[in-house]
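Visitor: I have a protein model to look through. Could you take my questions one at a time?

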Amino acid sequence: MARKWVQLSAGRAGQLDPVVVNGAGFTLYRFDKDTADPSKSNCSGECATTWPPYLVARGGKVFLDGIDKSAIGFIERDGAFQVTLGGWPVYLFNKDTKSGDTNGQGVGGTWFGVKPDGEKAGDGQAGADSGSDAGADAGSDPGPKASPASSATFFQGPNFADPSQGVAGPGCRNVRFSGSLQAGGALKIWDGANCTGNVRIVNGNVQDLSGIGFGTVKSVRFLG
């Protein structure tokens, strides 16, 4: 399914470190029978059912955490765009049932977790630098480094449904609602109060926080 925005993060899953995971913490994979130059997917039909292409809707946004924006690309697919890393199309695996699973690693000798630079995870090669947070528009060149937000509005439900709560920086602020948020730049969100627990960087509006694996947001910190 193509989403209006997705997130890719350099992280760890199982024994794979580094490996790229999506906003919900699920491992992303590459397929040896695809090609990176030019970027082309050779997984369709039943293959694509088992290995769902990682899609972003036309005009959508890709947010990056620890991945160089120069590594990101797109190929048109099913009326949307499949994300590529280092030219390699990336996929999820339908037998990964929870964040951190790596059940697709090594399947058929052709499927491997993907590193931030598009190389195979688990082969001992160094990954890309993990110090940047940036964004990319689907179907266009990756965008510039995100500017920090100074305030945000959190809504009780998805699609910016009232009631809402406005919060502003600097520093950490606790919030009451976690359905969706509006912000004019990048900020950090936590699933615990007082900026504790799991954390994620988001940039701009998020129509449905549960869609990025953050169904509960308890606090936020402004980066400026």
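This is a predicted model: local features need pLDDT of at least 70, side-chain atom pairs count only at pLDDT 80 or more; totals for chains, interfaces and linings use all residues.

Visitor: How many helices and strands does the secondary structure come to?

Guide: Both are DSSP runs, numbered from the N terminus: helices are H or I with at least four residues, strands are E with at least two. The count for this protein is 1 helix and 19 strands.

Visitor: Are the rings of Phe 31 and Trp 111 stacked or edge-to-face?

Guide: Rings of Phe, Tyr and Trp (its six-membered ring) pair if their centres lie within 6.5 Å; planes under 30 degrees apart are stacked, over 60 edge-to-face, the rest tilted. The whole structure holds 9 such aromatic pairs. In this one the centres are 4.2 Å apart and the planes stand at 10°, so the pair is stacked.

Visitor: How many residues apart are Phe 31 and Trp 111?

Guide: Phe 31 sits in strand β3 (residues 29-31) and Trp 111 in strand β10 (residues 111-113). The pair links distant parts of the chain, with a separation of 80 residues.

Visitor: Is Phe 160 buried or partly exposed?

Guide: Buried means under 20% relative accessible area, exposed over 50%, and partly exposed in between (1.4 Å probe, protein chains only). Phe 155 has 7% relative accessibility, so Phe 155 is buried. Phe 160 has 26%, so Phe 160 counts as partly exposed.

Visitor: Which loop holds Asn 159?

Guide: Asn 159 has a positive phi, near 60°, and is not a glycine. Phe 160 also has a positive phi, of about 60°, and is found in the loop between β13 and β14. Asn 159 lies in the loop between β13 (151-157) and β14 (161-168).

Visitor: What kind of peptide bond joins Asp 37 and Pro 38?

Guide: Pro 38 is in the loop between β4 (35-36) and β5 (39-40). Omega for the bond from Asp 37 to Pro 38 is about 5°, and the bond is cis.

Technical notes. Residues are numbered from 1 along each chain as its sequence is written. Side-chain values use heavy atoms; hydrogens and water are left out.
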